[in-house]
Amino acid sequence: FGGSLIRTEATGYGTVFFVEEMLKRMGDSVEGKKCVVSGSGNVAIHTTEKILQMGGTVHTLSDSGGYIYDPDGIDFEKLEWVKGLKEVRRGRIYEYVEEYPEATYYEGERPWNVPCDLAFPSATQNEILEEHARALVKNGCMAVGEGANMPSDLAAINVFQNSKTLFGPAKAANAGGVAVSGLEMTQNSMRLYWTREETEAKLLDIMQKIHNQCIQYGERPDGTVDYVSGANIAGFVKVADATIDQGIV
């Protein structure tokens with residue numbers, strides 16, 4: 001009854017698009033990168049899916065009980081199995097090890113001690129604490145893209161900002177979900193049909209524009225970007241301009 005195709009995937013896809021833009025600015029990309037993803041719900045599953053489509057590898061998923069590490073990587077076939085586990089059978093992530101015994105399950109732990117190039121916290125609020133951020137930086141993590149809402153606490157954010165780790169804050173990096181909700185309203189009001197490819201292209205364009213706004217307001221004199229300040233200022237300016245245009249101020 002209406003709605004946009006890829007709305008379900010949009011938050012996860014958008015987060016990966018945002019990280020890709022951060023890396024692209026540095027002359028790099030998601031392709032070939034070892035990634036750790038937390039969670040095993042909607043955002044985590046579709047973050048993993050887009051990473052695989054863009055040529056990266058994913059080695060972890062988690063739930064409230066712990067995380068699994070697959071040294072061979074979670075490929076499309078394994079991801080489909082996880083979708084069935086979580087979306088149909090409503091099982092627990094430790095069952096992954098029963099299906100794929102090459103993997104290891106770490107009960108009661110989070111995946112942030114696993115060496116990686118990119119980290120995608122996609123589970124819950126405050127899942128990356130200061131010690132986790134320090135472990136990620138120590139192990140060479142290049143970029144963090146927040147797919148969950150506020151998954152890094154303030155101390156962890158300070159660690160990322162004081163290092164060379166690119167940090168995509170949730171209010172920018174995971175905006176793809178609400179962005180496609182906006183597209184849904186437009187599509188429904190105008191009685192339009194968009195293909196998956198059309199909607200995904202619009203999502204990519206939105207995430208690129210959000211990234212550019214973060215650069216506009218967050219670029220430092222040395223050429224690096226404070227994405228937290230950039231996202232905060234961009235959001236403030238948008239609201240301020242709207243209040244002025246409406247005659248409120």
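Buried denotes a relative accessible area under 20%, exposed over 50%, and partly exposed the range in between, computed with a 1.4 Å probe on protein chains only. The structure is a predicted model, in which local features need pLDDT of at least 70 and side-chain atom pairs count only at pLDDT 80 or more, while totals for chains, interfaces and linings use all residues. Residues are numbered from 1 along each chain as its sequence is written, and side-chain values use heavy atoms, with hydrogens and water left out.

**Cysteines**

A disulfide is a pair of cysteine sulfur atoms within 2.5 Å; a search of the whole structure returns zero of them. For Cys141, the closest cysteine sulfur belongs to Cys116 and lies 4.1 Å away, which is too far for a bond. Cys214 is likewise in no disulfide, its nearest cysteine sulfur being that of Cys141 at 18 Å. Both Cys141 and Cys214 are buried, as tabulated below with three further residues.

| Residue | Relative accessible area | Class |
|---|---|---|
| Cys141 | 6% | buried |
| Cys214 | 1% | buried |
| Thr47 | 0% | buried |
| Leu5 | 35% | partly exposed |
| Val249 | 73% | exposed |

**Helix α10 and the segment after it**

Helices (DSSP H or I, at least four residues) and strands (E, at least two) are DSSP runs numbered from the N terminus. Tyr227, Val228, Gly230, Ala231 and Ala234 of α10 are buried. Contact means heavy atoms within 4.5 Å, and the buried residues of α10 pack against α1 (10-25), α6 (154-161), β8 (166-168), α7 (170-173) and α9 (196-218).

Val249 lies in the segment after α10 (227-245). Together with Ile244 and Ile248, Val249 forms a nonpolar surface patch with about 350 Å² of accessible area. Such areas come from the Shrake-Rupley method with a 1.4 Å probe, and for residues only the protein chains shown count as cover. Patch members have over 30% relative accessible area and no salt bridge; like charges are joined within 9 Å, and nonpolar side chains (Val, Leu, Ile, Met, Phe, Trp, Tyr) within 5 Å. A salt bridge is a side-chain nitrogen of Lys or Arg within 4 Å of a carboxyl oxygen of Asp or Glu.

**Thr47 and Leu5**

Thr47 belongs to helix α2 (residues 42-53). Beyond its neighbours within four places in sequence, Thr47 contacts Gly12, Val16, Val37, Phe120 and Ser122. Leu5 sits in the segment before α1, and with the same exclusion of neighbours within four places it contacts Tyr193, Trp194, Thr195, Arg196 and Thr199.
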